[in-house]
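Please open the structure in your viewer and keep the selection tool at hand. The stops below say what to select next and what is to be found there.

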Amino acid sequence: MLRFLTVLPLFALLLLLSSGCSTKDRSVSADVIIYGGTSAGITAAIQAARLGKSVIILEPTNRLGGLTTGGLGQTDIGNKQVIGGLAREFYRSIKSHYNDSTNWVWQRSSEYKDGGQTQSGKDEDAMWTFEPSAALEVYNEMLKDLDIKIVYNQKLNRETGVSKVANTITSITAKSADTYLGTVFIDATYEGDLMAAAGISYTVGRESNSQYGETLNGIQANKFATTLSGTVSNNSVYHNFVDGVDPYVVKGDSLSGLLPFINPGGPGLDGQADEGIQAFCFRMTLTNHPDNRIPFTKPENYNELDYELLFRNYEAANGPIEEMYSYGDPILPWINAAMPNRKTDTNNQKGFSTDFIGQNWDYPEASYEEREKIIARHRDYQQGLMWTLAYHPRIPKKVRDRVSQWGTCKDEYEREDGWQQQLYIREARRMIGDYVMTQKNCERIDVVNDPIGMAAYGMDSHHIKRYVTSEGYVANEGNVEAHVKAPFPISYRSIVPKKIECSNLVVPVCLSASHIAFGSIRMEPVFMVLGQSSGVIASMAIDQGRAVQDIPYDALKETLAELEQVLE
């Protein structure tokens, strides 16, 4: 009987299981059930619907788009030429949005200067930098008039909410008790909650370098590391403290205890595995337009000691603060990249910045309630940081004068204080499938023969822990910034689980990759690409009555090519 169930066409199995449901049951069915309305979830839904499938998107929050509509408006790509299909359609629509003069509310289009790392050329058919609200508008337009139902504020019951027969998911149930029956399921969350609840193998943290024959995985406390190709990666050099910052509550007195957010265990041995994940932050959407600006405010639970390392970092500067750092803004601990309408995508930079280093390790496995506390703690920390930089008397006046010109936006997010709800989940769970993407793939030492999309960004990890050096000073550990020489393909096998574990689940975000390979793949346009490919895989599995692992690759490749997906 079990053998019969594994080969029975999935849609037939669904009919058998749903035929006994009464009209009083709180259940609904669709061909494809997508958990997570991130950029990957949206493109997966659009593609499946365009191929004639009914789709339900279950979004745990009240806002679609994940980070693309949550502050990450400066697109991290690496090479625009590998962005095709629906992702390219999205960026073309962004350009059309800003070609409409009515969408320039707070400045003229001629006044806008794109200062990001992925600038939009005059003759390009796409635009790569945008306001979160513009991304949300474009996504809603792309979703319109398709057989896609979006259900907001639906969190998966992670304990008992996944029903399986043998290796096939038959339904998922939310904490609301609503049940969703489908033929193929897609986990498009940043956390991989559906994947984990379905019993799929996964990992959290950094593998050792020895596990997959890498050099940039594991603990990275040394200043320099060598890639497999022999180039040098500057690791702990960037986003670190100036020399001589004391880590103790009372300077020079180790008995007084460590200042907040310093790991007492030290960095560990280079290249060894640990449970750490790269730091999270909010990608702030700021403005300096007085009519749209909400000034930074001190959070109610503000603790000045939380920012003592920031004060000491400025005080330890050897000479003028303009000479503190040789990269980025010499005096401000941020990357304040311009977006249209006098807004910014503001990100972490320097030793003490928006990344809340080491304070997110519990997040992937935490309960929903615990996660909300972690998110709130990140927001409190970052709100306190911005108020400190703007107004605290121990911050140099020239820093305060610049930061206090900025604030959050009145017209972007649902919260009255202008802060978004979407935390930048840079990394959480990662599936372990039949093929694990590694540093060897990023450097094209190993090239897969079944690509379903490409990545091109450098191998990138933000810091993971803060510790005391052997000299007795504070430092950050975990940063990796290693370029890739060329775009590299991502394997079909890396976004589907092992068939023995599940035959009808696709995982385009928490895909099967090592920590350092995921650091290159984890960019929003790549998630859009992988989401579209997931929609194709789901549709072909339904049409052919196959497991998602068993689509003939030549047929899949042909379909992806027809949809303008870039595979090589």
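Select Glu159 to begin, and bear in mind that this is a predicted model; Glu159 is exposed, with a relative accessible area of 68%, and sits in the loop between strand S3 (148-152) and strand S4 (162-165).

For a surface patch of another kind, select Phe224, Val232 and Val237, which make a nonpolar patch of about 280 Å². Val232 is found in strand S9 (residues 232-234), and with a relative accessibility of 57% it counts as exposed.

Not counting residues up to four places away in sequence, Gln81 touches Arg88 and Val566. If you also select Lys499, 418 residues away along the chain, you will find its C-alpha atom separated from that of Gln81 by 33 Å.

The tour now turns to salt bridges, of which a search of the whole structure finds 36. Side chains of opposite charge can pair when their charged atoms come close. Select Arg92 and Asp125, whose side chains meet in a salt bridge at 2.7 Å, N to O. Arg92 lies in helix H4 and Asp125 in the loop between H4 and helix H5 (132-143), so this pair ties together parts that are 33 residues apart in sequence. Arg92 is partly exposed at 34% relative accessible area, and Asp125 is likewise partly exposed, at 37%.

Then select Lys343 and Glu131, which form a salt bridge with their closest N and O atoms 2.8 Å apart. Because Lys343 lies in strand S15 (residues 343-348) and Glu131 in the loop between H4 and H5, the pair ties together parts that are 212 residues apart in sequence. Are these two residues buried or exposed? Lys343 counts as buried at 1% relative accessibility, and Glu131 is also buried, with a relative accessible area of 5%.

For the last stop, select Arg394 and Glu308, joined by a salt bridge in which the closest N and O atoms are 2.9 Å apart. Arg394 lies in the loop between H9 and helix H10 (397-403) and Glu308 in helix H8 (residues 308-315), so parts that are 86 residues apart in sequence are tied together. Extending the selection to Asp246, Lys251, Arg312 and Glu315 shows the network of salt bridges that links them with Glu308 and Arg394.

Terms used: Residues are numbered from 1 along each chain as its sequence is written. This is a predicted model: local features need pLDDT of at least 70, side-chain atom pairs count only at pLDDT 80 or more; totals for chains, interfaces and linings use all residues. Side-chain values use heavy atoms; hydrogens and water are left out. Helices (H or I, at least four residues) and strands (E, at least two) are DSSP runs, numbered from the N terminus. Buried means under 20% relative accessible area, exposed over 50%, partly exposed in between (1.4 Å probe, protein chains only). Contact means heavy atoms within 4.5 Å. Patches are made of residues with over 30% relative accessible area and no salt bridge: like charges are joined within 9 Å, nonpolar side chains (Val, Leu, Ile, Met, Phe, Trp, Tyr) within 5 Å. Accessible areas come from the Shrake-Rupley method with a 1.4 Å probe; for residues, only the protein chains shown count as cover. A salt bridge is a side-chain nitrogen of Lys or Arg within 4 Å of a carboxyl oxygen of Asp or Glu.
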